[in-house]
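Morning, everyone. I'll keep this brief. Please have a look at the model on the screen.

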Amino acid sequence: MRERSILVNSMSKTYSVTGWRVGWVLAPPDLADSIRKVHDFLTVGAAAPLQQAGVTALSLGDDYYRGLIAEYTGRRDHMLASLESAGFRCFMPHGAYYIMTDVSGFGFPDDVSFVRNLIDNCGLASVPGSSFYAQSGGGSQQVRFCFCKKYETLELARHQLMRLKNG
C-alpha cells in the first residue's frame with residue numbers, strides 16, 4: 001500500500017503549538033505533486049522561524065516522548081475517572097486526546113440537546129457525537145470530550161460534571 005498511502009501530521013498537540021499550523025505530508029511523488037498543488041490554493045506557508053522551531057522539536061530525544069506519554073496518560077485517566085464517576089459510559093481511547101462517551105443514561109433525546117444542557121448548566125463544552133457520523137442518527141447518544149488541557153482545567157471539569165450526577 002506504500003504507493004497509495006498518505007501520511008499527514010503536524011506539530012500541534014505533540015509540541016503544544018496548535019496555533020502554528022506547521023505540519024507535513026509524506027506521500028509517493030505522484031500523490032505529493034497533487035497535494036502540493038491543492039496546498040498552494042488552500043493555505044499560506046508557515047513562517048520560517050516556526051518551521052525552524054519544528055525541526056528543533058522533531059530532534060528531541062526519547063525522554064521527551066516518554067514524558068509526553070506519561071502526561072497524556074495521566075490526563076486521560078483523570079478525565080476517564082471524572083466522566084465515569086459522573087455517570088458516563090466511556091470508550092477508552094488508544095492514541096487520541098479525546099474520549100467518546102455514551103450519554104443515553106442521562107435522558108436527553110439526542111447528543112445536541114445534551115451538549116447544550118452541558119454548556120448551559122455546567123459551563124462545559126463538548127462535541128456532539130453525531131458530527132462524526134455520515135448516516136442520520138449515528139452517534140446521537142455519544143459526546144466527545146477533550147483531555148489535552150491543564151490539570152486545573154480537568155479538575156474544574158470534574159467538579160462541573162458532578163452537577164449531572166447530583167441533579
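Start with H1. This helix is hardly covered: among its 14 residues, the count of buried ones is one. Bear in mind that this is a predicted model.

Next, the length of H1. The helix runs over residues 29-42. At 1.5 Å a residue, its 14 residues should span 20 Å. The end C-alpha atoms are 20 Å apart, so the two values agree.

Now strand S2. The strand covers residues 23-26. Val 25 and Leu 26 both sit in it. Is Leu 26 buried or exposed? Leu 26 has 53% relative accessibility, so it counts as exposed; the cut-off is over 50%. Val 25 has a relative accessible area of 38%, so it is partly exposed.

What does Leu 26 touch? Leaving out residues up to four places away in sequence, Leu 26 touches Ser 5, Ile 6 and Leu 7. Then there is Val 8. Leu 26 and Val 8 are 18 residues apart in sequence, yet 6.6 Å apart in space, C-alpha to C-alpha.

Together with Ile 6 and Val 25, Val 8 makes a nonpolar surface patch of about 260 Å².

Last stop, Arg 75. Arg 75 is in helix H3, residues 62-85. Its relative accessible area is 16%, so Arg 75 is buried; the cut-off there is under 20%. Which residues does Arg 75 touch, beyond those up to four places away in sequence? They are Phe 147, Lys 149, Lys 150, Tyr 151 and Leu 154.

How values were computed. Residues are numbered from 1 along each chain as its sequence is written. This is a predicted model: local features need pLDDT of at least 70, side-chain atom pairs count only at pLDDT 80 or more; totals for chains, interfaces and linings use all residues. Side-chain values use heavy atoms; hydrogens and water are left out. Helices (H or I, at least four residues) and strands (E, at least two) are DSSP runs, numbered from the N terminus. Buried means under 20% relative accessible area, exposed over 50%, partly exposed in between (1.4 Å probe, protein chains only). Contact means heavy atoms within 4.5 Å. Patches are made of residues with over 30% relative accessible area and no salt bridge: like charges are joined within 9 Å, nonpolar side chains (Val, Leu, Ile, Met, Phe, Trp, Tyr) within 5 Å. Accessible areas come from the Shrake-Rupley method with a 1.4 Å probe; for residues, only the protein chains shown count as cover. A salt bridge is a side-chain nitrogen of Lys or Arg within 4 Å of a carboxyl oxygen of Asp or Glu. The expected span of a helix is 1.5 Å times one less than its number of residues.
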